[in-house]
Structure formats: structure tokens, C-alpha cells
Amino acid sequence: ATGKIENVDLSKQPRIHIQVEQHEEPSLLGAIRSHKERADVYKPLPVVAREIGVSMSLLSRIISSFQIERKQPGGTLSKFDIGLQMKSTNKGTELVGYARGYQDDTGRWRTWELSPPAVALLKDYV
């Protein structure tokens with residue numbers, strides 16, 4: 001609704017005349033439905049782990065930082081990060097469009113979910 005002051009009459013009794021116009025609110029149902037459709041396609045980690053045939057523990061490592069060491073000729077160790085870095089529980093970061101996490105009221109991470117592009121990437125990765 002919008003309004004404007006029409007008239008201020010201070011001669012007898014102080015009165016203010018206001019004109020109010022009510023406008024129809026735009027419908028947001030289409031945007032809400034579209035958001036819910038996109039939001040519902042993320043899958044929880046246990047479902048993705050079963051789908052791609054790995055353990056939950058391995059999947060959690062793959063989608064975060066996953067460092068391995070390799071002994072080089074001469075005895076020195078080299079570290080490699082073979083993780084996809086879609087999420088970081090410690091830093092509270094997620095790769096938008098691939099992973100999202102939810103925290104409880106205490107701030108503890110409760111669950112992670114992955115999008116269809118993330119699942120497709122993981123199928124190729126493993």
C-alpha cells in the first residue's frame with residue numbers, strides 16, 4: 001500500500017487527511033517453486049556414497065582436502081592433494097553449485113549434500 005498526505009487543516013481541530021491506495025502484491029509462487037525444485041536435487045553424502053560405490057569416509061575425504069605422500073627416489077617425501085576441495089568443515093566453506101552443508105544450533109556441521117554436477121564429477125573421479 002502507498003499513501004500520501006492530502007490536506008493538513010489546522011484551523012479548527014488539527015486534522016490530517018490521508019489518501020491510501022492499496023496495490024496488488026506480485027505473486028512469488030513461481031520463484032519459490034523454482035527455488036524448491038533446484039534445492040531438492042542435492043543428495044546427502046550417504047546416498048552419493050552408495051550411488052558411486054565408496055564408503056562415506058572415503059567420499060568425505062575425496063570432496064575435501066585429501067593429501068597423500070609419495071616417496072621420491074633418494075628418500076624424500078612429496079605431498080600431493082588429490083581432494084576435490086568441494087567442502088571444508090574446519091573452515092566452514094563450500095563450493096557453490098557443488099556442495100552445501102548444514103549446521104545445528106551449536107554451530108556443529110551436521111550434514112553435507114552434493115549437487116548433480118558434483119555427483120557426475122565424482123563418478124568420473126572414482
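## Report on a predicted single-chain model

Arg-100 lies over the face of Tyr-42, at a distance of 4.0 Å from the centre of the ring. The structure is a predicted model, and the values in this report were computed from it.

**Overall make-up**

The chain contains four helices and nine strands. Read from the N terminus, the order of these elements is β-β-α-β-α-α-β-β-β-β-β-β-α. The chain has 126 residues, and 21% of them are buried. Among contacts between residues at least 6 apart in sequence, 29% join residues at least 24 apart.

**Salt bridges**

Side chains of opposite charge can pair when their charged atoms come close. The count of salt bridges in this model is three. They are listed in the table below.

| Residues in the salt bridge | N to O distance |
|---|---|
| Glu-51 and Lys-43 | 2.7 Å |
| Glu-51 and Lys-123 | 3.1 Å |
| Glu-113 and Arg-100 | 2.8 Å |

Salt bridges link Lys-43, Glu-51 and Lys-123 in a network. Lys-43 is partly exposed because its relative accessible area is 29%, and Lys-123 counts as partly exposed at 45% relative accessibility.

The remaining entry in the table is the salt bridge between Glu-113 and Arg-100. Glu-113 lies in strand S9 (residues 109-114) and Arg-100 in strand S8 (residues 99-103), so the pair ties together parts that are 13 residues apart in sequence. Both Glu-113 and Arg-100 are buried. Arg-100 is also the residue placed over the ring of Tyr-42.

**A buried serine**

Ser-88 is located in strand S6 (residues 87-88). Its relative accessibility is 18%, and buried means under 20%, so Ser-88 counts as buried. When neighbours within four places in sequence are left aside, Ser-88 is in contact with Thr-93 and Trp-112.

**The nonpolar surface patch**

Ile-68, Phe-80, Ile-82, Tyr-125 and Val-126 make a nonpolar surface patch of about 390 Å². One of these residues, Val-126, is found in the segment after helix H4 (116-125). Val-126 is partly exposed because its relative accessible area is 49%.

**Aromatic pairs**

A pair of aromatic rings is described by the distance of the centres and the angle of the planes. In this model, the count of aromatic pairs is zero.

Technical notes: Residues are numbered from 1 along each chain as its sequence is written. This is a predicted model: local features need pLDDT of at least 70, side-chain atom pairs count only at pLDDT 80 or more; totals for chains, interfaces and linings use all residues. Side-chain values use heavy atoms; hydrogens and water are left out. Patches are made of residues with over 30% relative accessible area and no salt bridge: like charges are joined within 9 Å, nonpolar side chains (Val, Leu, Ile, Met, Phe, Trp, Tyr) within 5 Å. Accessible areas come from the Shrake-Rupley method with a 1.4 Å probe; for residues, only the protein chains shown count as cover. A salt bridge is a side-chain nitrogen of Lys or Arg within 4 Å of a carboxyl oxygen of Asp or Glu. Helices (H or I, at least four residues) and strands (E, at least two) are DSSP runs, numbered from the N terminus. Buried means under 20% relative accessible area, exposed over 50%, partly exposed in between (1.4 Å probe, protein chains only). Rings of Phe, Tyr and Trp (its six-membered ring) pair if their centres lie within 6.5 Å; planes under 30 degrees apart count as stacked, over 60 as edge-to-face and the rest as tilted. A charge sits over a ring if NZ of Lys or CZ of Arg is within 6 Å of the ring centre and within 35 degrees of the ring normal. Contact means heavy atoms within 4.5 Å.
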